[in-house]
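Morning, everyone. Please keep it on screen while I talk.

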Amino acid sequence: MVFVAVAVFVVVLAVALVLLASAAIGAFSAMFGGMKRDLGRRRSGAAVTADERPARLVGAAEAAGDLADRLRLARARRWTACQDIQQRLEGSRRPDDDGVGDFGMLALDIWAGRPVDDRQISQSTRRHRPGREERAELENMVRDPVGRIAWTTALVADRVSRNPAWGLEFFDLHSVRVDLAGEVTAIARAATRIRDQLAILGDPPDGPLGTDDEVMATYAEKAGLLSTRLDGLVERLEAFASYEQIVARIQQRQEKQAWLDRVSAIDELEHAIDAERDRAEGDRVRNMADESGILASIYLDEIAPLARSLKRDVIPGS
């Protein structure tokens with residue numbers, strides 16, 4: 001009986017040990033499996049990060065390159081527009097005129113940050129000889145892509161003011177006279193503000209900031225905004241230049257009418273009659289010339305020798 005109890009106890013103990021060992025092995029297997037899976041996920045995450053980082057760098061570089069190309073093309077279009085207007089205006093400028101008009105000095109003062117009285121410029125045609133310092137400021141302004149917009153606007157205003165037709169009452173009677181000084185002031189001040197904001201924005205960020213999506217998106221937004229603003233200024237300048245062409249055409253029409261009025265004093269009928277009388281008188285004089293030639297020929301060839309011969313015969317006999 002005792003032997004049976006011991007045998008049962010041993011069997012139960014063995015089963016318990018087997019179950020305990022199985023549980024321990026399962027626990028260790030689960031633990032090591034979790035560790036393995038976690039390690040695999042970490043390795044996979046590191047691999048993905050390593051693959052994505054160059055892609056982000058390449059994407060940021062391509063976006064920056066596209067933005068630079070768009071801004072470069074827009075800047076070239078604006079420069080060409082100003083150049084075309086200036087070349088057209090240069091055709092109507094005297095070769096010996098190297099001065100700067102009131103409107104040019106107004107734009108230069110605004111660009112240089114000097115205080116300007118809005119009332120100091122009238123519709124004037126005065127010319128100035130800038131000093132050395134002002135000449136250097138003017139050259140810098142003309143070379144600047146933004147300053148060139150303001151300078152071209154001043155040239156258009158100067159050309160309008162020097163056009164004799166600008167003094168006609170037509171523009172006031174029909175309320176179509178543009179405030180030249182106001183137009184130059186508005187565009188020059190806007191160009192100066194944009195120039196200062198472009199200086200704040202600077203070049204595209206590089207280094208870590210150059211790969212930051214938020215930084216690059218903000219830069220692209222601000223740069224595009226300022227470029228669009230400059231496009232608007234050039235469109236306004238082109239409209240102003242079109243106005244100058246209208247004033248020039250009015251001047252041409254006025255000169256044409258003045259010429260027609262002046263030559264209308266010439267009476268066509270009177271001159272036609274006088275021309276016919278002159279032709280008749282010419283025929284009469286021509287006939288007289290022909291008769292004179294014939295008579296002279298007869299006299300010189302026949303009468304004159306005969307008269308000399310008779311004179312010789314008469315003198316000895318007397």
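Which residues does glutamate 183 touch, not counting residues up to four places away in sequence? They are Thr153, Arg236 and Phe240. Touching here is contact, meaning heavy atoms within 4.5 Å.

Before going on, some ground rules. This is a predicted model, so to speak of local features we need pLDDT of at least 70, side-chain atom pairs count only at pLDDT 80 or more, and totals for chains, interfaces and linings use all residues. Residues are numbered from 1 along each chain as its sequence is written, and side-chain values use heavy atoms, with hydrogens and water left out.

Confidence next. pLDDT is the predictor's confidence in each residue, from 0 to 100. The protein chain averages 77, and 67% of the residues score at least 70. Over residues 45–53 the pLDDT is below 50. That stretch has zero contacts in the model beyond near neighbours in sequence. Where pLDDT is low, predicted coordinates should not be read in detail.

Now the overall layout. The protein chain has eight helices and two strands. Both are DSSP runs, numbered from the N terminus: helices are H or I with at least four residues, strands are E with at least two. Along the sequence the pattern reads α-β-α-β-α-α-α-α-α-α. Of the 318 residues, 26% count as buried. Buried means under 20% relative accessible area, exposed over 50%, partly exposed in between, with a 1.4 Å probe and protein chains only. Take contacts between residues at least 6 apart in sequence: 79% of them join residues at least 24 apart.

Back to glutamate 183. It is found in helix 6. At 14% relative accessibility, glutamate 183 counts as buried. Other buried residues of helix 6 include Leu180, Val184, Ile187 and Ile194. What covers the buried residues of this helix? The cover includes helix 2 (102–112), helix 4 and helix 7. As for length, the 22 residues of helix 6 should span 32 Å at 1.5 Å a residue, and its end C-alpha atoms are 32 Å apart, which agrees. The expected span is 1.5 Å times one less than the number of residues.

Helix 4 covers residues 147–161. It reaches 21 Å from its first C-alpha to its last, close to the 21 Å expected. Of its 15 residues, 15 are buried.

Serine 175 is exposed, with a relative accessible area of 67%. Its phi is near 55°, a positive value in a residue other than glycine. Most residues other than glycine have a negative phi.

One more glutamate. Glutamate 134 is found in helix 3 (residues 132–143). It is partly exposed, at 26% relative accessible area. Glutamate 134 touches Met105 and Leu108, again not counting residues up to four places away in sequence. Glutamate 134 and methionine 105 are 29 residues apart in sequence and 9.1 Å apart in space, C-alpha to C-alpha.

Last stop, the lining of the largest pocket. Which helix supplies the largest share? Helix 1, with nine residues. Helix 1 (2–90), helix 6 (180–201) and helix 7 (213–263) each supply at least two.
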